[in-house]
Amino acid sequence: MIIVLKPEATQENIEKIKKDIEKLGLKVWVSQGEFRTIMGVIGDEAPLRDMPLSLYPGVEKVIPILKPYRLVDREYKKENTVIELPSGVKIGGKEIVVMAGPCAVESKENVLRIAKAVKKEGAKVLRGGAFKPRTSPYSFQGLGEEGLKILKEVSEETGLSVVTEVMDPRNVELVYQYADILQIGARNMHNYDLLKEVGKIDKPVLLKRGISSTVKEWLLAAEYILKQGNEKVIFCERGIRTFEDSTRFTLDVNAVPLLKKISHLPVIVDPSHSTGRRDLVIPVARAGIAAGADGLLVEVHFDPLQALSDAQQTIDIQEFKILMEDVRRIAQVMGREV
Ligand code: PEP
Ligand code: MN
């Protein structure tokens, strides 16, 4: 950390800052020029984060040097993290992994029918919400544990792995029993108690980007999980809220190559929630893969018009087939496999 002092800073000001920082066990060097003095702090900046240094008399500005995250950083781990599911599917490696299924688990019959169809086209993971974070309390809230049971049964019958959302720290243990990947939804990316709870398990966590979260906040949310010991985190870019309201959200396609650069963790794209429009799902899915995503999370239903939630952004089986064909072709260009 670098501390730049005001021209009028006194020797007394300098001594006070130095003394308080040294109390935390850090070393300080002082460089006194003709007009300005700058101070450098050597060592781990973490203990300084809660110190209101910019309020000290004589301080003009404080410039942090170290990043606020560590474990998610590629500097900490150079090679890509590859997450292997019990089915043998690997996320973050050469393969592009497509996760597909209904927004919400509706009935065993419907989920099984969708699962069989998406598997046939090449999906490796079945998605479906049993606990649904709906904007309106009057909308369908999901089947709860009954929905989890359906997902497990369908998983056993089809061989597909399951990703499903957990919204409440008290339900982590329950969802853990049924899911292969636990999803943290966009609305819960800042729920730090929930992040800590999924950090204690040994199953992968799909961490969606908060609706209005910066990449840095997203990285720090992942850091919460890794800090607890769970290194199996998958980032999912699902669109952010911008001034643009002609689509539901705006896919931040920049975030995909950016995160791949900053972090060693896998990154996937959700073209369904980011667009909110069925007719835009395929082109945006293509963009995600072309940007270097390790996979997709897509809402699919055999009859989207009947879907109990997010019908307007759900594609049908025929469209999913086209999506997979396009993804296969782009994967080839990217040197990846589907
Ligand atoms: C979902 O994937 O079902 C979902 C609710 O997504 P998000 O949290 O991104 O809105
Ligand atoms: Mn949905």
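Donors are N, O and S atoms within 2.8 Å of the metal (3.2 Å for Na, K and Ca), and since water is not among the atoms, sites may look incomplete. This is a predicted model, in which local features need pLDDT of at least 70 and side-chain atom pairs count only at pLDDT 80 or more, while totals for chains, interfaces and linings use all residues. Residues are numbered from 1 along each chain as its sequence is written, ligands are numbered from 1 in the order in which they are written, and side-chain values use heavy atoms, without hydrogens and water.

**Exercise 1.** Find the protein donors of the manganese ion (ligand 2) and describe how they are spaced in sequence.

*Solution.* Begin with the atoms: C103 (SG), H273 (NE2), E299 (OE) and D310 (OD) lie 2.0 to 2.4 Å from the manganese ion. Read along the chain, these donor residues follow the pattern C-x169-H-x25-E-x10-D.

**Exercise 2.** Decide whether C103 is buried or exposed.

*Solution.* Buried means under 20% relative accessible area and exposed over 50%, with partly exposed in between (1.4 Å probe, protein chains only). C103 has a relative accessible area of 3%, so C103 is buried. H273, at 9% relative accessibility, also counts as buried.
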